[in-house]
Amino acid sequence: MRHFLITLALALATALATPLAPAQKPDVPTPVISGALDGQCIILLPQKGHEKLLQERQENILEQWNNLITRKHYEKAKALAEEALRENPDSGACYAMLGGALESLGNLDGAIQHYTQTIAHGERSKGWVYCRRGIVYTAKQEWTRATADFTEAIAIDPTNLLPYVQRALAHQGGGDMGSARKDLDIAVRACPDGPDLQEALGYAYYHLGDDDKALGYYTKAIQNGDNRPSAVINRGFIYATRRVWALAISDYTEAIRLDPNQPDCYRYRGYAYLARRQYAEARADYEQACKRGGDDAAAYLLTELLVRLSAAGYLASGPVKSDTSPRPTAIFPADKQGEVLTHLVPHEIPDPIPYANRKPAGYPITVTFGRYNFIEDVQTKLTDAAGQEVECWVSSPQQPANEEYAERQHNTVCLIAKAPLCPATKYTVLVTARVNGKPWSREWSFTTVRDRSPSLYEAADQAHFAEWILAAVNRERVVAGLNKVVLDALSRGCFKHARYLATNIGRPEVEGLKAHEEDDKLSNATKEGRKAGLNAVIAIRDNPGYCAEGWMATLYHRIPLLDPKLKRVGIGFAKRGEGEWGWVEVMDVGNGKE
């Protein structure tokens with residue numbers, strides 16, 4: 001689905017001329033941008049009024065041409081540029097206008113030819129033309145030529161950050177990820193406060209596979225700049241790929257408000273509505289997209305609609321999804337479960353209660369539905385043995401606990417009491433909602449632990465750590481009505497990642513969610529360890545035997561442990577260095593799904 005992403009690289013050319021130095025060179029004309037949400041083209045030409053480049057006649061033509069491009073009248077813009085070039089065959093600006101029109105029309109070879117002529121005829125504006133031509137080479141996947149053009153643009157004007165970002169994309173396309181990240185680091189170190197550069201960084205990080213950074217930069221661009229439909233729709237696209245439909249629809253709706261005539265916005269939102277089984281809304285959006293996209297778009301959208309409905313089981317020829325049942329896949333704590341812990345484990349990353357001033361809180365109560373269900377209008381109530389209601393923080397797919405990491409909550413409703421639960425107390429939970437448009441409710445009870453018994457696990461008996469952790473996880477899965485999981489060779493990667501973390505904890509490269517990755521420059525980094533880390537739950541405890549109950553006393557770490565599709569796990573652990581507190585435990589819960 002990534003190929004639907006709007007090609008922001010073609011929509012941000014010189015707006016990204018954020019200087020490393022205080023100001024641009026005064027003798028370089030300020031560029032003009034015209035772009036389209038569909039990412040077909042960005043036009044980059046010197047502004048009118050630069051006497052050495054354009055005569056008065058050319059200024060008027062340039063203004064007309066920019067207006068045509070802005071209104072997406074590309075054929076008329078091409079005809080105007082051709083007429084101007086016949087009158088002024090030595091004008092670099094006229095070659096640039098024709099190159100821009102051809103690029104808009106998808107004639108990339110013609111665009112390259114005329115940008116090359118612009119370079120030959122326009123000494124003072126070579127830098128931006130190299131950048132423009134490099135972007136076209138990138139679209140043609142000619143990575144070496146694209147990289148060479150961006151390098152030339154950097155040499156001409158090192159203060160312009162755009163070529164660094166674009167060269168990073170060319171490096172990424174050519175498989176040189178190290179050079180790509182170096183170029184992005186240069187742009188980031190320049191303190192990119194401008195929304196244009198932030199938006200470009202979001203696009204670049206997305207294509208480097210770092211969705212979290214991409215979301216962060218898109219959000220900054222939206223907050224710092226007015227009327228940025230491309231940033232809004234690209235952020236919505238990332239939410240959609242993560243199946244966070246409520247946030248995706250919110251962004252698509254905002255993009256439509258900013259540009260109501262753009263068919264892609266309606267199509268993307270229609271797809272999100274379709275995924276949530278809101279068929280009336282999906283149909284309305286597809287109809288709007290057809291009105292704005294012509295007959296070809298109508299045929300495509302009708303086909304897409306039929307395919308999706310069939311896959312969802314609403315047409316006779318289509319299979320029914322296995323996880324669209326309104327019955328939850330897991331409720332935890334389960335009905336009549338005893339010995340339930342009283343506290344939320346503090347300092348979980350991501351934070352499930354980021355807005356709370358006081359972090360001591362109750363044990364999480366969760367209801368998880370299959371991924372294709374649409375959950376709305378959630379209401380909850382937690383009462384103690386005396387019938388007194390317990391005040392809770394409540395989150396749901398529509399109102400996630402932490403919006404920055406909404407995709408990690410999946411289709412889970414969560415209650416967290418605002419104070420630790422009382423020991424040896426029976427609690428009753430009531431959750432109501434609309435699931436796939438129909439009313440759903442469930443009431444159940446559980447009892448908290450009477451006291452905390454001494455540890456059954458001795459640190460000297462390391463041979464049994466993995467068995468204890470596996471047994472503890474399987475106990476909780478059985479209580480939740482799920483199958484047991486088995487331990488297999490995935491453990492090898494877990495041990496490697498645990499060793500990597502035990503060696504490097506305290507370094508900024510492993511802070512927060514970066515603990516799931518591995519930096520090749522640090523000790524004990526391995527590909528197998530990184531693969532395990534990216535799909536793992538991680539803990540640092542004084543006793544590895546308690547890591548499972550710690551994970552279950554969280555929100556984001558509990559959810560993957562109770563995944564009904566999980567069949568195999570890996571478990572690894574490593575003791576921190578001499579004089580350091582605790583053990584690192586790593587459990588791979590992502591590579592063993594079926």
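## Helix 4 and its buried residues

Helix 4 has seven residues listed as buried: Gly110, Ala111, Ile112, His114, Tyr115, Thr118 and Ile119. These buried residues pack against helix 5 and against helix 3, which covers residues 92-104. The model described here is a predicted one.

Helix 4 has 14 residues, and at 1.5 Å a residue they should span 20 Å.

## How helix 4 meets helix 5

Two packed helices are described by the angle between their axes and by the distance between those axes. Helix 4 runs over residues 108-121 and helix 5 over residues 126-139; they pack at an angle of about 165°, and their axes are 10 Å apart. Angles over 145 degrees count as roughly antiparallel, and helix 4 and helix 5 are therefore roughly antiparallel to each other. Their crossing is left-handed.

On the helix 4 side, the contact is made by Leu108, Ile112, Tyr115, Thr116, Thr118 and Ile119. Helix 5 contributes Lys126, Val129, Tyr130, Arg132, Arg133, Val136, Tyr137 and Ala139. Sorted by type, the residues of this contact are 9 nonpolar, 2 polar and 3 charged.

## Val429 in strand 9

Val429 belongs to strand 9, which spans residues 426-435. The relative accessible area of Val429 is 0%, and residues under 20% count as buried, so Val429 is buried.

Which residues does Val429 touch, leaving aside its neighbours within four places in sequence? They are Ile365, Lys381, Leu382, Leu415, Arg442, Glu443, Trp444 and Phe446. Val429 and Thr383 are 46 residues apart along the chain, yet their C-alpha atoms are separated by 6.7 Å.

## Two cis peptide bonds

The peptide bond from Phe332 to Pro333 is cis, with omega near -5°. Pro333 sits in the loop that links strand 3 (330-332) to strand 4 (337-340).

Ile349 and Pro350 are also joined by a cis peptide bond, here with omega of about 0°. Pro350 is in the loop between strand 4 and strand 5 (365-368).

## Two positive phi values

Asp377 is not a glycine, but its phi is positive, at about 55°. Asp377 is part of strand 6, residues 375-383. With 45% relative accessibility, Asp377 counts as partly exposed.

His410, likewise a residue other than glycine, has a positive phi near 55°. His410 lies in the loop between strand 7 (392-395) and strand 8 (412-417). Is His410 buried or exposed? His410 is exposed, because its relative accessible area is 53%.

Notes
Residues numbered from 1 in each chain as written. Predicted model: local features only at pLDDT ≥ 70, side-chain atom pairs only at ≥ 80, totals over all residues. Heavy atoms only, no water. Axes fitted to C-alpha atoms, helices over the stretch in contact; angles between N-to-C directions. Helix = DSSP H or I, 4+ residues; strand = E, 2+ residues; numbered from the N terminus. Parallel < 35°, antiparallel > 145°, perpendicular 65-115°, else oblique. Left-handed = near helix turned anticlockwise from the far one by under 90°. Contact = heavy atoms within 4.5 Å. Nonpolar A, V, L, I, M, F, W, Y, C, P; charged D, E, K, R; others polar. Expected span 1.5 Å × (residues − 1). Buried < 20%, exposed > 50% of the residue type's maximum accessible area, 1.4 Å probe, protein only.
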